[in-house]
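Please read these notes with the model open beside you. Each point takes up one part of the chain.

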Amino acid sequence: MESNLSLRGRTLAAQKPVFLNVLGDIWDPSSNPDGVVNIGLAENTLMHQEMKEFMNSKMHVDSHALTYGDGFSGSRKLKGALCHFLNRHFHPRVALSHSQLTITSGVSNAVECCAWALSDHGDYILIGRPYFNAFKPTFGIRAGVGLLEVKFGMTDPFSLDAVREYEKTYEEARSRGIRVKALLLCSPHNPLGRCYSEDVLREYMKFCNKHKLHLISDEIYALSVWENKDLPGAPIFKSVLSMDIDNIMDPSMVHVVWGLSKDFGATGLRIGCLISQSNMSLLEAADGISLYNFPSSLADSIAASILLDDEFSSKYIATNQRRLGESYRFVTDFLTLHDIPYYKSNAAIFVWMNLAAVLRDKSIKDADILKELQRQKVYIAAGYAYASEEAGWFRMVFAHSQSVLEEGLNRMLRALHCLNSY
């Protein structure tokens, strides 16, 4: 059958995400005790009960929701709700208005709109290592845009010195005739779980201004930030929208994406947005392919209800941040107890940990660790999928109930013990 596919079709088939197999066999202590414990996929389940109760109490469908509504790029109501919510929580220097954003069926679609509209096939986007593994297919599979990876070595990737590493990588690429069109920042960062300070963000803007590059700021974890006493004085989230962009770089080159998948634990809702306050042409380009990014009218309606309810959203965010901090401490206490090194964080939903560090046989490869984790039926993501500069690192998601975390961590520990007994 495969011979009937085009070359493009065969390439797409090879891109099937591994985690799709995990989703069909999720662990449940009662109904599926032999299933896979999923602590690798970037989902936050800590607030599902509160979100289900809110959605079920607010669901109201009218005839308008059964049509094409106000168009393919989101309803007027949802655009107004997003402006209202983001103006409250992101503190933009200039208040957002309806005309400065477009709505997509998830943030990945919003990012891909940037790939289509800001780059041509064969162009590149600058990105620091490690980075969210789905960025590569989001830019590359359909739009044909590559990622130009920046190595940091011993340099703190959230420091001012890190900007110099981008400069070196950019200059090397330009000397080889590589066309670079933009810099992509994930702030807060996936998988490292840190925020960029305002000073560092300003330096990135200056860098983009110097080389006439677009700045794409992925702020999908903006409100998933908590206090970590082990990181005193660590920067908290700062949206680029809140900065004095006009005095640093061309504001038409600054774009932000956000959605409800992470901060509201609703990956299945599929609502994202692309914000560009000074570049209407980018938003028009996104509207040009909006037929393929069209969010569900039902999801549109639910999202608007969430974002317009200030009492619910404020309480939700505060409770979520508290629970994230508790879950992070639970996981990191476990890792400390078992001498597993990890990267300290105060944002997003990940722990970046070095599993290879506790193995006696240093010749064991990451692929071997991953294979043993799979044998123990626990899904944790290998760092090489995120372009980790150093072997041995893995990304786990801690935004789950303690029962899920306990089961997953104990299976992970069994996997490490098995590897040490070989």
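This is a predicted model: local features need pLDDT of at least 70, side-chain atom pairs count only at pLDDT 80 or more; totals for chains, interfaces and linings use all residues.

1. Residues are numbered from 1 along each chain as its sequence is written, and side-chain values use heavy atoms, without hydrogens and water.

2. Strand 6 covers residues 214-218, and five of its five residues are buried (under 20% relative accessible area, 1.4 Å probe, protein chains only). Strands here are DSSP E runs of at least two residues, and helices are H or I runs of at least four, numbered from the N terminus. His-214, Ile-216 and Asp-218 point one way, while Leu-215 and Ser-217 point the other way.

3. Strand 6 pairs in the parallel sense with strand 5 (residues 180-186) over five bridges; pairing requires at least two DSSP bridges. Ile-216 is the bridge partner of Leu-184. Strand 7 (residues 254-259) also runs parallel to strand 6, joined by four bridges, and there His-255 stands opposite Ile-216.

4. Asn-320 lies in helix 11 (residues 310-337). Asn-320 counts as buried because its relative accessibility is 0%. Apart from neighbours within four places in sequence, Asn-320 contacts Asn-44, Met-47, Ser-224 and Asp-263 (heavy atoms within 4.5 Å).

5. Helix 5 (residues 107-118) packs against helix 9 (residues 280-288) at about 110°, with axes 9 Å apart; axes are lines fitted to C-alpha atoms over the stretch in contact, and angles run from 0 to 180 degrees between N-to-C directions. Helix 5 is therefore roughly perpendicular to helix 9 (65 to 115 degrees).

Methods:
Angles under 35 degrees count as roughly parallel, over 145 as roughly antiparallel, 65 to 115 as roughly perpendicular and the rest as oblique. Buried means under 20% relative accessible area, exposed over 50%, partly exposed in between (1.4 Å probe, protein chains only).
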